[in-house]
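This report concerns a single structure, shown next.

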Amino acid sequence: MSNHGLLLLFGISWAESGKKTMRRDRGAVAAQWAAKLREHTARLTGQRALQVEGKLVRMVGLTLEAVGVRAAVGDRCAVSVGSQRFIEAEVVGFAGDRLYLMPTGRPDGLQPGARVIPQGQGADVPVGVELLGRVLDGSGRPIDDLGPLRASTRASLAGFSVNPLARQPIDEPLDVGVRAINSLLTVGKGQRVGLFAPAGVGKSVLLGMIARYTGADVIVVGLVGERGREVKEFIEHNLGQEGMARSVVVATPADLPPLMRVHGAATATAIAEYFRDQGKDVLLLMDSLTRYCQAQREIALTIGEPPATRGFPPSVFARLPQLVERAGPGSHGHGSITAIYTVLCEGEDADDPIAEAARAILDGHIVLSRRLAESGHFPAIDIEASISRVMHQVTAEPQLQAARNFRQSFHLVESNRDLVNVGAYRSGTNPELDRALSRHPLLQAFLRQGMHEDVPLQLSVEQLQACLQV
Ligand SMILES: Nc1ncnc2c1ncn2[C@@H]1O[C@H](COP(=O)(O)OP(=O)(O)OP(=O)(O)O)[C@@H](O)[C@H]1O
Ligand SMILES: [Mg+2]
């Protein structure tokens, strides 16, 4: 090869190696940049978004109005009281650049211009087996004197919805320890029942009996908007030590701000959801759904939502199913939440919008009657007005048949009661009525139950069949 040729070859290979080095360099630089970018992205996503705090400009009733805050509906904010103390509030609405907030605690000491600092997404509550036997407030803080709560897990207050198609069917009965319910209004695991009753006819006693004697694994009691005195009474007298051992009580009495009462119902439900997802059959007792709706109404009205149905703004009826739908059977491998919600209704008041809405979304209703309570008949369950919509799914045919016979016999006497009372009915005229009349005292005795008497499911069914043999 000539000298020229050698030079050319050398030149080409030098140029090639130079290009390779440049490509390698560029590759290395790009990799370095990519690594740096990843590092910064990770740091940014690990950080909370920039907090833009604002100030309090107005307070009307319990509604706080703030400007300059960047927060979304449902977010929590800390509002300063003096230089050291903060109270918690939640964004419940907005108008233009003005945010409406509701405090979860007492708003004493708030001043114009107070700092409003966003705290991020909605509230969460502690959950875990450590909660059993404890009494909590609506934020999940213990209010008993058993020391701090050592739960390491937290659950979102808002919960998450279970895909309706993924839910297990309701096909197993739940023993509630009350004869009349077990036999004639059998409750299924995952059922949502309304306990419709006027004031003072034995709701708390009945809920206490159910909590003590039920076959459920865990009981979560939500006492929403009742008198403060009743909370202690319910825990000491109705639940007792026996019921308390496997119960969690969430108490938000009437003197707390409406948002706290709403949170009380949500906290009780979130705790029930936790145990359900651990595979437990949970019984959620909520007293009362009416007070929950009233708290929702207070919030909605104060932020300017117009009332629609008998003083209740439309959002109340939208939130009711959102709460109730969180109970029910879990998906495969999970347990269930059987829920009993008390609904206050005076007599046959069909106009009560809450009772009407609740009736439509619940899977059954147990009606307590003042007439029965006044005559000393306890539990004052009006068996004719009560129904369990899942009974046929969770009971066998012989029990269903016995329940039908019981109802027919009972109804025959009740519908002829006036005739019989005024002496207008002569025995022998209707043999079926004669038979029903003769066994009626037995049926009534069957429906009564002392508050310290436990009647398990199996025994209830046997006693039902026995009293129909007469
Ligand atoms: N099974 C029962 N046996 C005997 N008495 C009962 C029974 N259930 C309820 N009572 C009586 O009824 C009274 C009222 O009961 P309870 O406090 O449970 O009513 P309530 O519906 O919860 O009232 P409120 O609406 O005020 O909360 C009790 O003090 C008790 O005397
Ligand atoms: Mg009560």
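The model is predicted, so local features need pLDDT of at least 70 and side-chain atom pairs count only at pLDDT 80 or more, while totals for chains, interfaces and linings use all residues. Residues are numbered from 1 along each chain as its sequence is written, and chains are lettered from A and ligands numbered from 1 in the order in which they are written.

Helices (H or I, at least four residues) and strands (E, at least two) are DSSP runs, numbered from the N terminus.

Helix 3 (residues 203-213) and helix 4 (residues 228-244) have axes that come within 8 Å and cross at roughly 30°. Axes are lines fitted to C-alpha atoms, for helices over the stretch in contact, and angles run from 0 to 180 degrees between N-to-C directions. Helix 3 is therefore roughly parallel to helix 4, a label for angles under 35 degrees. On the helix 3 side, the contact (C-beta atoms, placed from the backbone, within 7 Å) is made by Ser 204, Val 205, Leu 207, Gly 208, Ala 211 and Arg 212. Helix 4 contributes residues including Phe 234, Asn 238 and Leu 239.

Arg 448 lies in the loop between helix 13 (431-447) and helix 14 (457-467). Arg 448 counts as partly exposed because 16 C-beta neighbours fall inside 10 Å. Leaving aside neighbours within four places in sequence, Arg 448 is in contact with His 377 and Phe 378. Ile 381 is 67 residues from Arg 448 in sequence, with a C-alpha to C-alpha distance of 8.9 Å.

Most peptide bonds are trans.

| Cis peptide bond | Omega |
|---|---|
| Asp 287 and Ser 288 | about 10° |
| Phe 378 and Pro 379 | about -10° |

Ser 288 sits in the loop between strand 15 and helix 6 (289-302), and Pro 379 in the loop between helix 9 (370-374) and strand 19 (387-388).

How values were computed
Angles under 35 degrees count as roughly parallel, over 145 as roughly antiparallel, 65 to 115 as roughly perpendicular and the rest as oblique. Two residues are in contact if their C-beta atoms, placed from the backbone, lie within 7 Å. A residue is buried if 20 or more other C-beta atoms lie within 10 Å of its own, exposed if 12 or fewer, and partly exposed in between; C-beta atoms are placed from the backbone.
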